[in-house]
Amino acid sequence: MVGKFITVEGGEGAGKSTNLDFIHQYLLQAGKKVVMTREPGGTPVGEKIRELLLDKQQASISDNAELLLMFAARAQHLEQVILPALQAGSWVLCDRFTDATYAYQGGGRGIDNARIATIENWVQGEIRPDLTVLLDLPIEEGLKRAGERSEPDRFEQEKHDFFHRVRQAYLDLAKTNPERYRIVDASTSLVDVQKQISHILETFCAGKE
Ligand code: TMP
């Protein structure tokens with residue numbers, strides 16, 4: 001691939017949107033062509049699937065259906081947006097990707113990682129992020145921030161235990177993939193969080209010149 005694939009992950013209320021905008025601006029200033037997108041979503045079909053997945057009226061979606069819908073949206077996203085952009089030399093900045101599936105459907109719902117890996121390999125082939133920025137903070141703090149922002153969606157209305165398992169799964173992923181994972185302490189001030197992110201991007205971009 002010619003372009004680089006950067007993903008941003010984190011629990012609820014970790015400040016993903018603000019910091020994605022910050023990363024976007026940083027990369028543009030560094031002279032990169034950037035396609036910013038999100039999961040689930042990023043294509044017309046993916047956004048429809050997102051609506052279904054976040055709708056709290058859809059209480060009966062089974063865990064396996066949820067897993068497959070995440071990958072259905074991802075398959076469409078890869079084919080229509082991510083791969084063409086990378087092949088054209090753009091950098092892709094994605095708000096969540098497959099690590100969220102390991103964290104939420106694996107850690108949160110309890111689906112076996114091996115099952116997720118099988119679908120990951122099938123849908124993605126060799127494609128994996130080059131850099132994953134994990135915005136980490138204690139779940140109580142994150143849920144408080146998310147609750148102040150909007151009505152809870154189908155995931156946000158889960159119990160605290162669920163989010164503890166999600167956070168732990170992300171931290172485990174960071175441990176097993178140290179070459180691409182960078183953990184940001186998102187519990188500090190915005191200025192400090194962005195200082196941490198700038199440092200990560202500076203090092204990453206320097207290694208990719
Ligand atoms: P958000 O990115 O706006 O927070 O909303 C997306 C929600 O979808 C969030 O609660 C995490 C969840 N999600 C999964 O459960 N699995 C996935 O693979 C992805 C991409 C997101």
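I looked up Cys-205 and recorded it as buried, at a relative accessible area of 6% (buried is under 20%, exposed over 50%, partly exposed in between, with a 1.4 Å probe and protein chains only). I note that this is a predicted model, in which local features need pLDDT of at least 70 and side-chain atom pairs count only at pLDDT 80 or more, while totals for chains, interfaces and linings use all residues. Residues are numbered from 1 along each chain as its sequence is written, and side-chain values use heavy atoms, without hydrogens and water.

I then checked for disulfides, taken as pairs of cysteine sulfur atoms within 2.5 Å, and the count was zero. The sulfur of Cys-94 lies 17 Å from that of Cys-205, its closest cysteine sulfur, which is too far for a bond. Cys-94 is buried, at 0% relative accessibility.

I next looked up Leu-78, which is in helix H3 (residues 63-87); helices are DSSP runs of H or I with at least four residues, numbered from the N terminus. Leu-78 is buried at 4% relative accessibility. Beyond its neighbours within four places in sequence, Leu-78 has contacts (heavy atoms within 4.5 Å) with Leu-83, Pro-84, Phe-97, Val-123, Gln-124 and Ile-127.

Note on methods: Helices (H or I, at least four residues) and strands (E, at least two) are DSSP runs, numbered from the N terminus.
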